[in-house]
Amino acid sequence: MKPMRKLLFALAGALLAACSVKVLATPQAPQPATTQKPATNVPKKASVDLGAQKFQENCGRCHNPPDALSPREVKAVVQHMRVRAMLTAEDEKLILKFLAP
Amino acid sequence: MNRVFAILVLGLLFAATSLWAQSDVPILSGAVAFLGANTGGVPTYQPVIAPVLVAPFGDHWLVESRGEIQGFIARQDGTTGPYSGQFFASLAYLQLDYIANSHLTVTVGRFLTPFNIYNERLSPVWIANLQDSPIIFTIGTRTSASSNGGMVRGVAIARENWILNYTAYASVLTNTENLQSGRSAGGRIGVFLPKVGFEVGASYQRFLQNGDYNATGMYAVWQPPQIPLDVRGEYAYSPGGQGYWLEGAYRFSTSRDMTNWLSRVQAVARVQQYFKGNPTPQDLLPSANTNQFDIGLNYYLPHNVRLNGSYGRQYSTAGNANIWNFQITYRFLFPAWPGGR
């Protein structure tokens, strides 16, 4: 029983550590556009426009978009669609930027 | 041992809370709908609730599930007698996905059988433009439209102007109530041309029970980028029968401005032809050649509510019928973890 208990503790610890690393590594939400310098907005706007195009091309193939998505919902929705609509990692990132700039 | 288990569960809950508090918030989505139909003079009503749970764990792991509770209310003798109802619960999918990279996602669990596109992409009650599934829907999706087993899928090749996607799966025979699946294996391959909004693909399934047989299919989707038009179609063949459907849906305005009533209206039309083979009762295919057309209107109200109604005429050597359908659908989506929207 003891080795089993140690194994379970180790597993729980490893899971906690892995999740903590993930939390630390989670990128911060982008600053509102008004606090950024205009020059940095240009490529960001371009990627948002490209994201809109990717959204229309991929998601619109099957359904109309919902009326609104909150920033907390976007990650799960887009990951769900990545599997369903077989999006590439690059398209997923662009659509994420479009939905939650 | 119980203490260790409790610590483990607490640890996982703590980790999940930390994780979901950041960005990996699970969502509860889906729809509530009420369907009314009159098929050949027989009225039926179907209340439906179809919740979808999606829980991401980091960038690579995802748990997805969709259930369905559906009622079926009809008159005792079809056209006469008191109404009585039955309720059914089913699990469309409950799957664990590992998203390795753009080229490979590995799925285990219960998943929608990836034959052609209707089952995976268009069948949810909040997506389908017409209530009734196509006649050929059961080809390639026996026994329950879901499979229990494993699946790999992804983008094989991605170029600027074309994308080649694939899906391959194997399923085991399951007779457990509400979790039925057939023993089968198959796959689908598709080419998507994003610049012109066109996708074409083909499906294959080897059904490995009740006398092995093959089902094959083809599909096409076209959405011209400058016009609010959707054109979709499928062809499917099995020894039980073969057929096709072709559907067009036109939204009267490209604008998504919901203050303009015209932008909320979508006209839909579908034609179908089915040619009988040697169907068994398990095939759930008509026992006679059948042609059908449907025309309908969808009206998108604010707050994710949709009304739709349609009329169809079915021509069959077993008898012709008028088909009237009406549906109201509310599509919901919210975080399934405390913290507001």
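Reader: In chain B of this predicted model, what percentage of the contacts between residues at least 6 apart in sequence join residues at least 24 apart?
Author: The model is predicted, and chain B contains two helices and 16 strands. Taking its contacts between residues at least 6 apart in sequence, the share that joins residues at least 24 apart is 52%.

Reader: What is the corresponding percentage for chain A, among contacts between residues at least 6 apart in sequence?
Author: Chain A has four helices and zero strands, in the order α-α-α-α along the sequence. Buried residues account for 27% of its 101 residues. Of the chain A contacts between residues at least 6 apart, those joining residues at least 24 apart make up 70%.

Reader: Which radius of gyration does chain B have, against the value for a compact globule?
Author: The C-alpha atoms of chain B fill a box of roughly 65 × 55 × 55 Å along the principal axes, and 38% of its 341 residues are buried. For 341 residues, a compact globule would have a radius of gyration near 20 Å. Chain B agrees with this, at 21 Å.

Reader: How are the buried residues of helix α4 of chain A arranged around the axis: what arc do they cover?
Author: The buried residues of α4(A), residues 89-99, are Asp91(A), Glu92(A), Leu94(A), Ile95(A), Phe98(A) and Leu99(A). They lie on the same side of α4(A), because the arc they cover around the axis is only 165 degrees.

Reader: Which elements of chain B give two or more residues to the largest nonpolar core?
Author: This core has 25 residues, and those touching the most other members are Ala31(B), Ile117(B), Val125(B), Ile136(B), Ala215(B) and Ala236(B). The elements that give two or more residues to the core are β1 (27-39), α2 (118-122), β10 (213-222), β11 (229-238) and β12 (241-251) of chain B.

Reader: Which residue of chain A is included in the second, separate core?
Author: This second core has 24 residues, including Val54(B), Ala55(B) and Val155(B) of chain B. From chain A, the core includes Met86(A).

Reader: Is Met86(A) buried or exposed?
Author: Met86(A) sits in the loop between α3 (71-85) and α4 of chain A. Its phi is near 50 degrees, a positive value in a residue other than glycine. A residue counts as buried if 20 or more other C-beta atoms lie within 10 Å of its own. Met86(A) has 24 such atoms within 10 Å, and therefore it is buried.

Reader: Is Asn178(B) buried or exposed?
Author: Asn178(B) is in the loop between β7 (163-171) and β8 (184-193) of chain B. Its phi, near 70 degrees, is positive although the residue is not glycine. The limit for an exposed residue is 12 or fewer C-beta neighbours. Asn178(B) has 11 inside 10 Å, so its class is exposed.

Reader: How many bridges join β14(B) to strand β15 of chain B?
Author: Strand β14 (residues 290-301) runs antiparallel to β13 (residues 265-276) in chain B, with 10 bridges between them; Gln266(B) stands opposite Asn298(B). β14(B) and β15(B) form a hairpin with three residues between them, and His303(B) in the turn has a positive phi of about 60 degrees. Leu301(B) has Val305(B) in β15(B) as its bridge partner. β14(B) and β15(B), residues 305-316, run antiparallel, and the number of bridges joining them is 12.

Reader: Which residues does the cis peptide bond in chain B join?
Author: Thr143(B) lies in the loop between α2 and β6 (146-158) of chain B. With omega at about 5 degrees, the cis peptide bond joins Arg142(B) and Thr143(B).

Conventions: Residues numbered from 1 in each chain as written. Chains lettered and ligands numbered in written order. Predicted model: local features only at pLDDT ≥ 70, side-chain atom pairs only at ≥ 80, totals over all residues. Rg over C-alpha atoms; globule rule 2.2 N^0.38 Å. Contact = placed C-beta atoms within 7 Å. Arc of directions from axis to C-beta. Core = buried A, V, L, I, M, F, W, Y, C linked by C-beta atoms within 7 Å. Pairing = 2+ DSSP bridges.
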